[in-house]
Protein chains: 2
Amino acid sequence: MGITERREAEKEAVRNKILYAAGKILARDGYESLSIRKIANEIEYSPGVIYHYFKDKAEIIATVVEEGYGRILQKLREIPVDLENPDKSIENSMKAYIELMLETPEQFKAVLLNDTVGIADKVNMLDEGISKERKSIQSLCRMIQHGIEIGKIREMDIELTAQIIWTSTHGLLSRLVLEKRIPKEQKERLIDHHFNILLKGLSK
Amino acid sequence: MGITERREAEKEAVRNKILYAAGKILARDGYESLSIRKIANEIEYSPGVIYHYFKDKAEIIATVVEEGYGRILQKLREIPVDLENPDKSIENSMKAYIELMLETPEQFKAVLLNDTVGIADKVNMLDEGISKERKSIQSLCRMIQHGIEIGKIREMDIELTAQIIWTSTHGLLSRLVLEKRIPKEQKERLIDHHFNILLKGLSK
DNA sequence: ATTTGTATTGAACAGTGTTTAGTTAAATAA
DNA sequence: TTATTTAACTAAACACTGTTCAATACAAAT
């Protein structure tokens with residue numbers, strides 16, 4: 001069974017080459033100028049071959065973004081949770097999320113632009129029964145829960161609250177990513193004020 | 001001078017036909033499938049003629065969205081302001097904004113998707129010295145200011161606060177527009193909880 | 001050595017935004 | 001009135017795009 005194994009590894013290798021090239025182009029040239037022919041050129045294959053590995057362009061983007069986004073959410077989960085100050089933990093997590101997303105803005109744009117069909121379907125849907133984003137939301141939920149228990153956060157629907165933290169922070173992030181030429185100082189002021197209002201909104 | 005006047009009116013008419021067709025296609029077929037040739041076909045002209053009236057496709061989209069967005073912001077400004085309850089006024093305004101945007105989701109997508117270069121440049125930049133969005137932000141600013149004066153809103157940077165209200169609500173809106181198949185009931189719960197947290201965050 | 005199966009190619013199809021040479025018609029000047 | 005200028009418009013072309021598909025090359029199995 002060594003032969004089919006190797007062949008499968010070769011196939012996997014080409015698949016990864018495609019994904020790597022796509023990610024490279026995405027970061028280098030931007031979302032708008034990512035094309036099948038550019039990927040084919042980059043990996044030195046003919047354009048047609050890509051369709052033996054992926055259904056269509058959307059699937060490639062979805063996979064690339066899923067992986068990159070997955071890594072971000074993974075890092076997010078590695079941030080230590082301060083049980084004494086769940087409010088500060090929420091702020092730290094979401095600030096880290098913002099910073100990680102700002103490191104790969106083209107990826108964030110791809111998340112935003114892709115109709116949420118290809119991507120959010122992949123990101124939100126089950127991965128080992130539960131998606132990575134859901135895991136992050138759940139992590140947020142635990143912080144909120146704990147905050148309520150120790151009386152630092154007022155009683156409210158936990159899941160709903162986590163979603164509002166998520167969406168409102170995404171709104172801020174959109175502005176930071178899409179709107180060019182905001183001075184760095186102003187960006188920081190926006191981020192700080194966002195959490196100022198948000199945490200006050202959660203507090204008792 | 002009746003001749004040049006008429007010719008200018010004719011030119012304006014064709015220009016408006018292009019914009020009308022673009023808006024129609026945008027609403028009917030969606031942002032992704034809006035093309036120059038489709039516009040040309042709709043108005044029964046050759047594709048090339050469009051470039052006598054607009055620099056490029058982005059300018060058409062920017063103009064269409066600018067007008068539609070302008071109408072929304074206009075309606076927003078017509079909403080009466082309750083001086084007794086500036087917090088309720090903020091909520092009402094932003095809720096109306098959400099509802100108006102959900103009426104023309106493809107337009108909102110175009111705002112989101114267009115890199116903010118073509119559009120936010122147009123929307124944010126001066127229109128009679130000050131942009132429509134800035135006017136809406138200013139209207140928000142006045143509510144916040146009044147809220148602070150009568151002691152219903154805690155003291156904080158007014159402009160910054162208005163921007164956070166705007167961005168966080170935009171984040172919620174993105175989710176409502178892009179994410180399909182959210183039950184109407186869940187949408188309302190999200191909206192209510194968003195303003196629940198936001199207004200608490202503003203309060204003293 | 002021949003068959004089988006699959007990875008790969010390159011051309012083709014239908015579409016995109018944009019440019020441009022050439023036509024047409026109308027407004028102005030002689 | 002005739003000639004000239006100006007502007008609108010067309011059709012074709014260019015350089016792309018995603019996607020499909022018949023033909024091919026090539027490694028593995030018989």
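View 1. At a relative accessibility of 23%, B:Arg175 counts as partly exposed (buried is under 20% relative accessible area, exposed over 50%, partly exposed in between; 1.4 Å probe, protein chains only). The model is predicted: local features need pLDDT of at least 70 and side-chain atom pairs count only at pLDDT 80 or more, while totals for chains, interfaces and linings use all residues. Residues are numbered from 1 along each chain as its sequence is written, chains are lettered from A in the order in which they are written, and side-chain values use heavy atoms, with hydrogens and water left out. B:Arg175 lies in helix H8 (residues 158–178) of chain B (helices are DSSP runs of H or I, at least four residues, numbered from the N terminus). Its salt bridge partner is B:Glu179, with the closest N and O atoms 3.5 Å apart (a salt bridge is a side-chain nitrogen of Lys or Arg within 4 Å of a carboxyl oxygen of Asp or Glu). B:Glu179 counts as buried, at 18% relative accessibility. Leaving aside neighbours within four places in sequence, B:Arg175 is in contact with A:Gln163, A:Thr167 and B:Ile182 (contact means heavy atoms within 4.5 Å).

**View 2. The interface of chain A and chain B.** Each side is listed separately: 39 residues from chain A and 39 residues from chain B take part in the contact. About 3,500 Å² is buried between the chains, and carbon and sulfur atoms give 57% of this area (buried area is the accessible area, 1.4 Å probe, that two parts lose on being put together, summed over both). Two salt bridges are counted between chain A and chain B. In a salt bridge of 3.7 Å, N to O, the side chain of A:Asp157 meets that of B:Arg189. On the side of chain A that touches chain B, the elements giving two or more residues are helices H5 (105–113), H6 (118–124), H8 (158–178) and H9 (184–202) of chain A. H9(A) gives the most, with eleven residues.

View 3. B:Glu42 is partly exposed, with a relative accessible area of 31%. The side chain of B:Arg28 meets that of B:Glu42 in a salt bridge of 3.1 Å, N to O. This pair links helix H1 of chain B to helix H2 of chain B, 14 residues apart. B:Lys24 also forms a salt bridge with B:Glu42, at 2.8 Å, N to O. Here the residues are 18 apart, B:Lys24 being in helix H1 (residues 2–29) and B:Glu42 in helix H2 (residues 36–43) of chain B.
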